[in-house]
Amino acid sequence: MSAEPRHFLEIGDVSEDELLTILERAEEYKAAQHAGEDHEDLDGQTLGMIFQKPSTRTRVSFETGMTQLGGHAVFLGEDDIQLGRGEPLKDTSRTLSRYVDAVMARVFKHENIEVFAEYADVPVVNGLTDDAHPCQTLADLLTIREQEGGFEGVSAAWIGDGNNVAQSFVLGCALTDIDLTVATPEGYGIDDRVLERARELGGDPTVTHDPDEAAAGADVIYTDVWISMGQEDERDVRMQAFEGFQVCADLLERAPEASVMHCLPAHRGEEITDDVIESDRSVVFDQAENRLHAQKALLSWLLE
Ligand code: CP
Ligand code: NVA
(Lines give C-alpha, C1' and ligand atoms only; values in the text may rest on other atoms or scores of the structure.)
(Ligands and ions follow the chains in the order given, each with its own letter.)
Protein backbone atom coordinates (compact mmCIF):
# COMPACT_ATOMS: atom_id res chain seq x y z
CA MET A 1 0.00 0.00 0.00
CA SER A 2 1.32 3.47 -0.89
CA ALA A 3 2.15 5.98 1.86
CA GLU A 4 -0.92 8.07 1.09
CA PRO A 5 -3.95 5.89 0.52
CA ARG A 6 -7.17 7.26 -0.87
CA HIS A 7 -9.92 7.58 1.77
CA PHE A 8 -13.69 7.97 1.43
CA LEU A 9 -14.83 10.03 4.40
CA GLU A 10 -17.29 12.23 2.53
CA ILE A 11 -18.93 12.30 -0.89
CA GLY A 12 -16.82 15.31 -1.83
CA ASP A 13 -13.71 13.10 -1.52
CA VAL A 14 -14.43 11.92 -5.07
CA SER A 15 -14.88 14.00 -8.20
CA GLU A 16 -18.00 13.85 -10.34
CA ASP A 17 -16.18 11.61 -12.86
CA GLU A 18 -14.93 9.30 -10.12
CA LEU A 19 -18.41 9.10 -8.65
CA LEU A 20 -19.86 8.11 -12.02
CA THR A 21 -17.12 5.48 -12.43
CA ILE A 22 -18.05 3.98 -9.05
CA LEU A 23 -21.77 3.98 -9.90
CA GLU A 24 -21.11 2.32 -13.28
CA ARG A 25 -19.00 -0.32 -11.59
CA ALA A 26 -21.79 -0.83 -9.04
CA GLU A 27 -24.23 -1.47 -11.89
CA GLU A 28 -21.82 -4.03 -13.36
CA TYR A 29 -21.46 -5.81 -10.01
CA LYS A 30 -25.22 -5.79 -9.56
CA ALA A 31 -25.73 -7.39 -12.96
CA ALA A 32 -22.95 -9.94 -12.33
CA GLN A 33 -24.35 -10.88 -8.93
CA HIS A 34 -27.90 -11.21 -10.26
CA ALA A 35 -26.58 -13.38 -13.13
CA GLY A 36 -24.60 -15.56 -10.71
CA GLU A 37 -21.27 -14.64 -12.36
CA ASP A 38 -18.04 -14.66 -10.35
CA HIS A 39 -16.46 -11.25 -9.75
CA GLU A 40 -13.73 -11.96 -7.23
CA ASP A 41 -11.80 -8.74 -7.77
CA LEU A 42 -10.60 -8.54 -4.14
CA ASP A 43 -9.36 -12.10 -3.91
CA GLY A 44 -7.46 -12.60 -0.65
CA GLN A 45 -8.02 -9.05 0.65
CA THR A 46 -9.36 -8.18 4.09
CA LEU A 47 -11.60 -5.35 5.30
CA GLY A 48 -11.61 -4.37 8.99
CA MET A 49 -14.99 -3.04 10.14
CA ILE A 50 -15.09 -0.90 13.30
CA PHE A 51 -18.53 -0.24 14.78
CA GLN A 52 -19.12 2.18 17.67
CA LYS A 53 -22.86 2.24 16.86
CA PRO A 54 -25.27 -0.54 15.84
CA SER A 55 -25.91 -1.47 12.22
CA THR A 56 -27.84 -3.94 10.09
CA ARG A 57 -27.37 -2.79 6.49
CA THR A 58 -23.84 -1.40 6.69
CA ARG A 59 -22.44 -4.37 8.55
CA VAL A 60 -24.07 -7.07 6.46
CA SER A 61 -23.59 -5.39 3.08
CA PHE A 62 -19.88 -4.74 3.65
CA GLU A 63 -19.25 -8.24 4.98
CA THR A 64 -21.26 -9.96 2.25
CA GLY A 65 -19.73 -7.70 -0.38
CA MET A 66 -16.20 -8.69 0.63
CA THR A 67 -17.15 -12.37 0.46
CA GLN A 68 -18.63 -11.93 -3.02
CA LEU A 69 -15.44 -10.16 -4.13
CA GLY A 70 -13.36 -13.12 -2.96
CA GLY A 71 -12.11 -11.34 0.16
CA HIS A 72 -12.91 -11.36 3.84
CA ALA A 73 -14.27 -8.91 6.43
CA VAL A 74 -13.52 -8.76 10.16
CA PHE A 75 -16.19 -7.31 12.47
CA LEU A 76 -14.62 -5.16 15.18
CA GLY A 77 -17.26 -4.00 17.65
CA GLU A 78 -15.91 -1.26 19.89
CA ASP A 79 -16.32 -3.38 23.02
CA ASP A 80 -14.59 -6.36 21.43
CA ILE A 81 -11.34 -4.51 20.74
CA GLN A 82 -9.04 -2.43 22.93
CA LEU A 83 -10.53 0.79 21.51
CA GLY A 84 -13.40 0.26 23.95
CA ARG A 85 -10.88 0.19 26.83
CA GLY A 86 -9.28 3.44 25.78
CA GLU A 87 -6.63 2.48 23.22
CA PRO A 88 -6.20 5.65 21.12
CA LEU A 89 -7.73 5.73 17.65
CA LYS A 90 -4.35 6.60 16.16
CA ASP A 91 -2.82 3.44 17.64
CA THR A 92 -5.74 1.30 16.51
CA SER A 93 -5.41 2.80 13.05
CA ARG A 94 -1.69 2.10 12.71
CA THR A 95 -2.07 -1.40 14.09
CA LEU A 96 -4.94 -2.38 11.79
CA SER A 97 -3.03 -0.93 8.84
CA ARG A 98 -0.43 -3.68 9.35
CA TYR A 99 -3.07 -6.42 9.05
CA VAL A 100 -5.91 -5.41 6.73
CA ASP A 101 -6.17 -3.91 3.23
CA ALA A 102 -8.89 -1.36 4.10
CA VAL A 103 -10.93 -0.21 7.09
CA MET A 104 -14.59 0.77 7.28
CA ALA A 105 -15.52 2.64 10.47
CA ARG A 106 -18.81 3.77 12.01
CA VAL A 107 -18.07 6.28 14.77
CA PHE A 108 -19.78 9.13 16.60
CA LYS A 109 -17.68 12.28 16.03
CA HIS A 110 -16.69 12.93 12.42
CA GLU A 111 -13.29 14.21 13.64
CA ASN A 112 -12.61 10.70 14.93
CA ILE A 113 -12.74 9.15 11.48
CA GLU A 114 -10.53 11.97 10.21
CA VAL A 115 -7.94 11.14 12.88
CA PHE A 116 -8.23 7.45 12.07
CA ALA A 117 -7.64 8.16 8.37
CA GLU A 118 -4.73 10.50 9.07
CA TYR A 119 -2.84 7.67 10.75
CA ALA A 120 -3.95 4.85 8.43
CA ASP A 121 -1.72 3.38 5.73
CA VAL A 122 -4.74 1.77 4.05
CA PRO A 123 -7.97 3.29 2.65
CA VAL A 124 -10.52 4.28 5.29
CA VAL A 125 -14.23 4.33 4.45
CA ASN A 126 -16.82 6.23 6.48
CA GLY A 127 -19.60 3.85 7.48
CA LEU A 128 -21.50 6.72 9.19
CA THR A 129 -20.53 9.48 11.57
CA ASP A 130 -22.69 12.04 13.38
CA ASP A 131 -22.17 14.34 10.37
CA ALA A 132 -22.04 12.15 7.27
CA HIS A 133 -23.07 8.86 5.68
CA PRO A 134 -21.46 8.87 2.22
CA CYS A 135 -21.85 5.12 1.54
CA GLN A 136 -25.59 5.63 1.93
CA THR A 137 -25.43 8.41 -0.66
CA LEU A 138 -23.69 6.13 -3.16
CA ALA A 139 -26.60 3.68 -2.85
CA ASP A 140 -29.12 6.53 -3.01
CA LEU A 141 -27.63 7.88 -6.24
CA LEU A 142 -27.53 4.39 -7.74
CA THR A 143 -31.22 4.01 -6.88
CA ILE A 144 -32.12 7.39 -8.39
CA ARG A 145 -30.23 6.50 -11.57
CA GLU A 146 -32.19 3.27 -11.82
CA GLN A 147 -35.51 5.00 -11.15
CA GLU A 148 -35.00 8.08 -13.28
CA GLY A 149 -32.64 6.74 -15.97
CA GLY A 150 -29.99 9.35 -15.03
CA PHE A 151 -29.60 12.56 -13.07
CA GLU A 152 -30.39 15.21 -15.66
CA GLY A 153 -33.52 17.17 -14.82
CA VAL A 154 -34.17 15.19 -11.62
CA SER A 155 -35.58 17.10 -8.66
CA ALA A 156 -35.43 15.80 -5.10
CA ALA A 157 -36.87 16.92 -1.77
CA TRP A 158 -35.33 16.11 1.59
CA ILE A 159 -38.02 16.39 4.28
CA GLY A 160 -37.14 16.22 7.99
CA ASP A 161 -33.89 16.35 9.92
CA GLY A 162 -30.78 17.90 8.38
CA ASN A 163 -28.78 14.97 9.74
CA ASN A 164 -25.81 12.86 8.62
CA VAL A 165 -27.74 11.13 5.82
CA ALA A 166 -29.18 14.46 4.65
CA GLN A 167 -25.79 16.21 4.66
CA SER A 168 -24.16 13.56 2.48
CA PHE A 169 -27.20 13.53 0.19
CA VAL A 170 -26.87 17.32 -0.23
CA LEU A 171 -23.27 16.84 -1.43
CA GLY A 172 -24.25 13.89 -3.65
CA CYS A 173 -26.95 15.99 -5.32
CA ALA A 174 -24.44 18.80 -5.81
CA LEU A 175 -22.00 16.48 -7.59
CA THR A 176 -24.69 15.03 -9.86
CA ASP A 177 -26.64 18.26 -10.52
CA ILE A 178 -29.83 16.95 -8.92
CA ASP A 179 -32.10 19.91 -8.17
CA LEU A 180 -32.51 19.59 -4.38
CA THR A 181 -34.82 21.32 -1.91
CA VAL A 182 -34.30 20.66 1.78
CA ALA A 183 -37.18 21.24 4.21
CA THR A 184 -36.28 21.07 7.91
CA PRO A 185 -37.68 22.66 11.07
CA GLU A 186 -35.79 25.75 12.18
CA GLY A 187 -32.72 24.76 14.16
CA TYR A 188 -32.45 21.33 12.48
CA GLY A 189 -31.08 22.40 9.11
CA ILE A 190 -28.04 21.42 7.09
CA ASP A 191 -24.79 22.77 8.54
CA ASP A 192 -23.69 25.99 6.81
CA ARG A 193 -20.28 24.45 6.03
CA VAL A 194 -22.00 21.60 4.19
CA LEU A 195 -24.11 24.06 2.18
CA GLU A 196 -20.96 25.98 1.33
CA ARG A 197 -19.22 22.74 0.26
CA ALA A 198 -22.26 21.86 -1.87
CA ARG A 199 -21.90 25.19 -3.68
CA GLU A 200 -18.17 24.54 -4.20
CA LEU A 201 -19.14 21.22 -5.80
CA GLY A 202 -21.49 23.00 -8.20
CA GLY A 203 -24.79 22.57 -6.34
CA ASP A 204 -27.34 25.17 -5.33
CA PRO A 205 -29.67 23.52 -2.80
CA THR A 206 -32.84 25.40 -1.87
CA VAL A 207 -33.45 25.59 1.86
CA THR A 208 -36.92 25.98 3.34
CA HIS A 209 -38.96 25.21 6.46
CA ASP A 210 -42.03 24.26 4.41
CA PRO A 211 -42.35 20.53 3.54
CA ASP A 212 -45.20 21.16 1.07
CA GLU A 213 -43.07 23.65 -0.87
CA ALA A 214 -40.16 21.19 -0.98
CA ALA A 215 -42.30 18.26 -2.10
CA ALA A 216 -44.17 20.12 -4.87
CA GLY A 217 -43.48 18.33 -8.17
CA ALA A 218 -40.44 16.44 -6.88
CA ASP A 219 -39.27 13.22 -8.57
CA VAL A 220 -37.82 11.93 -5.31
CA ILE A 221 -38.91 12.49 -1.72
CA TYR A 222 -36.39 11.39 0.90
CA THR A 223 -36.63 11.28 4.67
CA ASP A 224 -34.84 9.73 7.65
CA VAL A 225 -35.46 9.32 11.38
CA TRP A 226 -36.00 12.38 13.55
CA ILE A 227 -33.89 10.89 16.34
CA SER A 228 -30.55 9.57 15.17
CA MET A 229 -28.28 7.22 17.10
CA GLY A 230 -26.88 9.13 20.07
CA GLN A 231 -29.78 11.63 20.21
CA GLU A 232 -32.15 9.47 22.27
CA ASP A 233 -32.19 12.01 25.15
CA GLU A 234 -33.60 14.67 22.79
CA ARG A 235 -36.65 12.59 21.95
CA ASP A 236 -39.40 14.79 23.46
CA VAL A 237 -38.12 18.08 22.10
CA ARG A 238 -37.46 16.59 18.65
CA MET A 239 -40.90 14.99 18.39
CA GLN A 240 -42.41 18.44 18.92
CA ALA A 241 -40.04 20.21 16.57
CA PHE A 242 -40.70 17.81 13.68
CA GLU A 243 -44.48 17.95 13.84
CA GLY A 244 -45.77 18.58 10.30
CA PHE A 245 -42.68 17.06 8.64
CA GLN A 246 -44.03 13.50 8.29
CA VAL A 247 -43.87 11.92 4.83
CA CYS A 248 -47.49 10.80 4.52
CA ALA A 249 -50.14 10.32 1.81
CA ASP A 250 -51.21 14.01 2.03
CA LEU A 251 -47.67 15.21 1.37
CA LEU A 252 -47.30 12.82 -1.57
CA GLU A 253 -50.29 14.45 -3.26
CA ARG A 254 -47.93 17.37 -3.92
CA ALA A 255 -45.63 15.06 -5.88
CA PRO A 256 -47.75 12.51 -7.74
CA GLU A 257 -44.76 11.02 -9.61
CA ALA A 258 -42.30 10.89 -6.73
CA SER A 259 -40.42 7.82 -5.56
CA VAL A 260 -40.11 7.70 -1.79
CA MET A 261 -36.70 7.06 -0.26
CA HIS A 262 -35.55 6.25 3.26
CA CYS A 263 -32.13 4.94 4.29
CA LEU A 264 -33.69 2.67 6.97
CA PRO A 265 -34.20 1.82 9.73
CA ALA A 266 -37.54 3.69 9.65
CA HIS A 267 -39.73 4.72 12.53
CA ARG A 268 -43.21 4.25 11.09
CA GLY A 269 -45.69 6.77 12.46
CA GLU A 270 -42.91 9.32 13.06
CA GLU A 271 -41.01 10.57 9.99
CA ILE A 272 -42.97 8.33 7.58
CA THR A 273 -46.29 6.50 7.64
CA ASP A 274 -46.62 2.75 7.28
CA ASP A 275 -48.88 3.07 4.21
CA VAL A 276 -46.30 5.20 2.39
CA ILE A 277 -43.32 2.98 3.13
CA GLU A 278 -45.34 -0.10 2.09
CA SER A 279 -46.72 1.56 -1.06
CA ASP A 280 -45.49 1.00 -4.61
CA ARG A 281 -43.96 4.49 -4.51
CA SER A 282 -41.42 3.30 -1.94
CA VAL A 283 -37.96 2.23 -3.17
CA VAL A 284 -36.45 1.75 0.27
CA PHE A 285 -35.46 -1.89 -0.22
CA ASP A 286 -33.84 -1.10 -3.56
CA GLN A 287 -31.79 1.47 -1.67
CA ALA A 288 -30.90 -1.13 0.95
CA GLU A 289 -29.85 -3.64 -1.73
CA ASN A 290 -27.85 -1.01 -3.54
CA ARG A 291 -25.68 -0.50 -0.46
CA LEU A 292 -24.14 -3.88 -1.33
CA HIS A 293 -23.40 -3.11 -4.98
CA ALA A 294 -22.23 0.47 -4.40
CA GLN A 295 -19.84 -0.47 -1.59
CA LYS A 296 -18.36 -3.35 -3.56
CA ALA A 297 -17.67 -0.88 -6.35
CA LEU A 298 -16.19 1.63 -3.91
CA LEU A 299 -13.89 -0.93 -2.29
CA SER A 300 -12.60 -2.38 -5.54
CA TRP A 301 -12.05 1.16 -6.89
CA LEU A 302 -10.16 2.24 -3.73
CA LEU A 303 -8.03 -0.92 -3.71
CA GLU A 304 -7.15 -1.26 -7.38
N1 CP B 1 -28.89 2.80 6.43
C2 CP B 1 -27.99 2.24 7.29
O3 CP B 1 -26.84 2.65 7.36
O4 CP B 1 -28.48 1.22 8.03
P5 CP B 1 -27.73 0.48 9.22
O6 CP B 1 -27.69 1.44 10.40
O7 CP B 1 -28.59 -0.72 9.51
O8 CP B 1 -26.35 0.11 8.80
N1 NVA C 1 -29.59 9.28 10.80
C2 NVA C 1 -29.57 7.89 11.25
C3 NVA C 1 -29.12 7.02 10.13
C4 NVA C 1 -29.07 5.55 10.45
C5 NVA C 1 -28.59 4.73 9.30
C6 NVA C 1 -28.66 7.76 12.44
O7 NVA C 1 -27.57 8.35 12.43
O8 NVA C 1 -29.03 7.08 13.39
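Helix α5 packs against helix α12 (residues 284–303) at an angle of about 115 degrees, and their axes lie 8 Å apart. Do keep in mind that this is a predicted model. Helix α5 (residues 134–148) also packs with helix α6 (residues 164–176), here at an angle of about 50 degrees and with the axes 8 Å apart. Here is a short tour of both pairings.

**α5 with α12**

- Angles of 65 to 115 degrees count as roughly perpendicular, so α5 and α12 are roughly perpendicular to each other.
- The crossing of these two helices, α5 and α12, is right-handed.
- On the α5 side, the contact is made by C135, L138, A139, D140, L142, T143 and E146.
- Helix α12 brings D286, Q287, N290, R291, H293, A294, Q295 and L298 to this contact.
- Sorted by class, the residues where α5 meets α12 are six nonpolar, five polar and four charged.

**α5 with α6**

- How do α5 and α6 lie relative to each other? They are oblique.
- The crossing of α5 and α6 is right-handed.
- From α5, the residues in this contact are P134, Q136, T137, D140 and L141.
- Their partners on α6 are V165, S168, F169, G172 and T176.
- The contact of α5 with α6 counts four nonpolar residues, five polar ones and one charged one.

**A residue to look at in α5**

- D140 of α5 takes part in the contact with α12, and D140 also belongs to the contact with α6.

Terms used:
Residues are numbered from 1 along each chain as its sequence is written. Chains are lettered from A and ligands numbered from 1 in the order in which they are written. This is a predicted model: local features need pLDDT of at least 70, side-chain atom pairs count only at pLDDT 80 or more; totals for chains, interfaces and linings use all residues. Axes are lines fitted to C-alpha atoms, for helices over the stretch in contact, and angles run from 0 to 180 degrees between N-to-C directions. Helices (H or I, at least four residues) and strands (E, at least two) are DSSP runs, numbered from the N terminus. Angles under 35 degrees count as roughly parallel, over 145 as roughly antiparallel, 65 to 115 as roughly perpendicular and the rest as oblique. A crossing is left-handed if the near helix is turned anticlockwise from the far one by less than a right angle, and right-handed if clockwise. Two residues are in contact if their C-beta atoms, placed from the backbone, lie within 7 Å. Ala, Val, Leu, Ile, Met, Phe, Trp, Tyr, Cys and Pro count as nonpolar, Asp, Glu, Lys and Arg as charged, and the others, Gly among them, as polar.
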